[in-house]
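The following paragraphs describe how two chains meet in a predicted model. The sequence and structure come first, and the explanation follows.

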Amino acid sequence: MKKLKQFFNGFQKGVKSFGDNISTIINFILLSIVYLIGVGLTSITAKIFGKHFLDMKKKKNSYWVDLNLKNKSIKEYYRKF
Amino acid sequence: MYILGISCYYHDASAALLKDGIILAAATEERFTRKKHDVLFPINAVNYCLRSQNISINDIDYIGFYEKPFLKFERVLSQHLEMFPLSFKTFISSMPSWINEKVRITKTIKKKLKYKKDVFFIEHHLAHAASFLISPFKKAAIVTIDGVGEWTTTAYGIGEENNINLIKEIGFPSSLGLLYSTITAYLGFSVNNSEYKVMGLSPYGLVDRKKNEYYKKIRKVIDIKEDGSYRLDMSYFIYHFADRMPSKKLCKLLGGLVRKPESELTQRHNDIAAALQMIYEEVLFKILNHIHNETKCKNLVLAGGCGLNSVANGKILKNTIFEHFWTQPDPGDGGTSIGAACYVYNTILGNKRKFILNDAFLGPEFSTESIKNFLDKNNIQYSKFKNEKEMIKTTAKLIYDNKVIGWFQGRMEFGPRALGNRSILANPCNPKAKELLNSKVKHREKFRPFAPVVCEDDALKYFDCDKPIPKPTDFMLMVYPIKEELRKKIPSVTHVDGSGRLQTIKKEQNPLYYGLIKEFGKLSGIPILINTSFNVRGEPIVCTPYDAYKCMMGTGIDYLIMDKFLIRRENNQKDMWDSEKYVKEQ
């Protein structure tokens with residue numbers, strides 16, 4: 001009985017490990033497609049039109065930017081953005 | 001009204017519980033899971049908060065979360081869009097957790113906690129800034145500086161009564177916190193963990209700007225304006241697209257490859273650390289003076305991970321026009337659970353402020369009975385003190401005899417510092433104490449200093465502190481020079497530049513600890529103790545009696561004083577283990 005239990009525990013672990021490996025491979029494939037097509041095409045198109053997503057190069061007299069982050073209506077705090 | 005504050009998924013996940021505006025409990029998840037800087041959902045910390053008040057999740061009226069996850073996700077996606085195709089590796093590694101956990105936080109909270117009411121999302125730097133709400137000030141200038149929140153890396157504004165208005169910001173990728181972390185990584189230390197080691201290393205380097213060649217070199221990396229605003233030259237960094245931080249160009253600028261962890265530290269490394277600290281202070285003081293001019297406030301609240309830079313904190317009042325300074329015990333991300341909860345109560349719901357955080361003892365405590373049960377159940381040899389007086393006298397004598405004491409009393413501290421309830425105590429007059437503690441107890445780098453603890457009424461006799469002594473000294477967040485005539489008498493807590501990261505303690509905060517220091521003063525003539533956190537390197541500070549006992553049995557701690565019980569390591573040889581080996585294997 002003990003041996004049978006050990007066998008099933010081991011089997012369960014093996015199946016879980018197999019599942020994890022499969023999901024890692026599928027994640028990799030899907031995310032690669034999303035990255036190359038979704039991110040890649042958007043990035044290239046944006047760069048052609050001179051759009052930048054991070055402010056990295058501009059020299060300025062001051063780097064402070066207006067924020068004005070203060071108390072808002074309660075609805076605003078329900079939002080995740 | 002109960003409000004729960006939660007922070008997680010970046011570093012130092014934590015939870016805090018507020019009842020009618022008063023903080024009743026707070027803890028970081030790492031203390032329960034024993035995984036340093038644990039980032040995962042703080043289920044154990046939440047459960048502790050609820051258990052401490054005998055309430056269930058149904059009693060919680062609101063939950064405040066410490067950031068706006070979609071705004072952060074927008075920034076992460078922007079990084080990938082800007083840096084395509086260089087960001088491929090980080091995209092693959094980071095996206096699953098974003099998709100499965102981070103953007104689904106409401107679902108996670110409701111599922112893990114079985115919570116059915118409202119969740120409020122507060123911008124990350126607002127959650128930092130909200131530490132103003134538990135400060136002693138009615139009005140103050142607020143500065144937040146950290147690695148990065150959603151987009152913001154540095155912000156400032158004004159807090160008045162219940163309201164906070166952050167006026168200006170500096171956005172990602174320029175970040176003073178990430179500059180500090182990048183050099184930390186370059187010096188071979190772990191990011192988001194060992195920045196304080198670089199701070200501790202800096203006094204060993206050249207602190208003359210003209211003579212320190214690395215000062216000029218690192219100045220090339222950052223464009224600093226007179227108003228304290230700054231911009232990083234991103235060609236020296238790769239953190240915006242890779243899972244490492246310094247670029248090859250930065251390595252070339254600093255004259256060598258990234259230092260391998262545990263390899264020898266040379267004068268070059270010391271000089272780089274010194275240059276970085278000088279630049280950090282230069283930017284900080286410029287920011288603060290600019291903010292003072294803008295806000296005309298005499299009070300300052302500093303928050304964000306950079307608020308842990310106690311060397312710079314100790315110089316703020318001397319180098320700026322501010323008269324009073326405050327930061328909470330955990331100005332980093334761990335403290336944002338407190339900030340989020342307070343912001344919900346005071347600002348969103350508009351309730352008056354009625355609480356000032358005077359001490360950091362917000363964590364779990366264990367009754368005398370439960371500790372006795374633990375000792376008996378595990379056949380641990382111990383003796384019991386008759387009363388507190390005997391306990392104080394015996395402990396002070398042991399410390400005076402150069403014994404190392406594990407001190408486990410009352411409620412665990414909130415924040416990264418042990419402040420006298422989960423501390424290792426030793427004699428600062430013993431010239432060998434630093435070496436002994438570093439090698440046999442903490443197993444950490446030789447250069448790292450130990451902190452002195454002194455009763456507040458004695459602090460000005462021994463330290464060149466600001467007057468009046470700023471409250472953050474209670475949280476061990478200010479470094480001050482030790483009086484010159486005393487430095488040789490307490491060598492183990494005197495850093496190479498004659499400074500000490502002191503903790504001050506008031507009688508009303510912790511009478512037992514206060515009494516112990518005073519008693520030691522009667523024996524030695526100097527009422528100061530070494531106070532270092534009760535852990536070994538790489539482990540979180542101990543939380544439970546088991547953690548404390550285990551830590552003692554693996555290190556050179558001679559005695560453990562746990563509540564009213566005295567446990568001697570030598571009497572319990574069966575439980576000894578080799579923590580030095582454990583640290584090496586980590």
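Between chain A and chain B there are 32 residue pairs in polar contact, counting pairs in which both residues have pLDDT 80 or more. On the side of chain A that touches chain B, the elements giving two or more residues are α1 (2-48) and β1 (65-69) of chain A. Of the elements, α1(A) gives the most to that side, with 13 residues. By type, the residues on this side of chain A divide into 19 nonpolar, 10 polar and 12 charged.

The number of salt bridges between chain A and chain B is 2. In a salt bridge between Lys72(A) and Glu123(B), the closest N and O atoms are 2.6 Å apart.

How many residues does each chain bring to the contact? Chain A brings 41 residues and chain B brings 60 residues. The size of an interface is often given as the accessible area lost when the parts come together. For chain A and chain B, the area buried between them is about 4400 Å², with 65% of it on carbon and sulfur atoms. Tyr35(A), Trp64(A) and Lys80(A) supply 22% of the area that chain A buries against chain B, more than any other three residues.

Methods. Residues numbered from 1 in each chain as written. Chains lettered and ligands numbered in written order. Predicted model: local features only at pLDDT ≥ 70, side-chain atom pairs only at ≥ 80, totals over all residues. Heavy atoms only, no water. Contact = heavy atoms within 4.5 Å. Buried area = accessible area lost by both parts, 1.4 Å probe. Salt bridge = Lys/Arg side-chain N within 4 Å of Asp/Glu carboxyl O. Polar contact = N/O pair within 3.5 Å; in protein donor to acceptor, adjacent residues only side chain to side chain. Helix = DSSP H or I, 4+ residues; strand = E, 2+ residues; numbered from the N terminus. Nonpolar A, V, L, I, M, F, W, Y, C, P; charged D, E, K, R; others polar.
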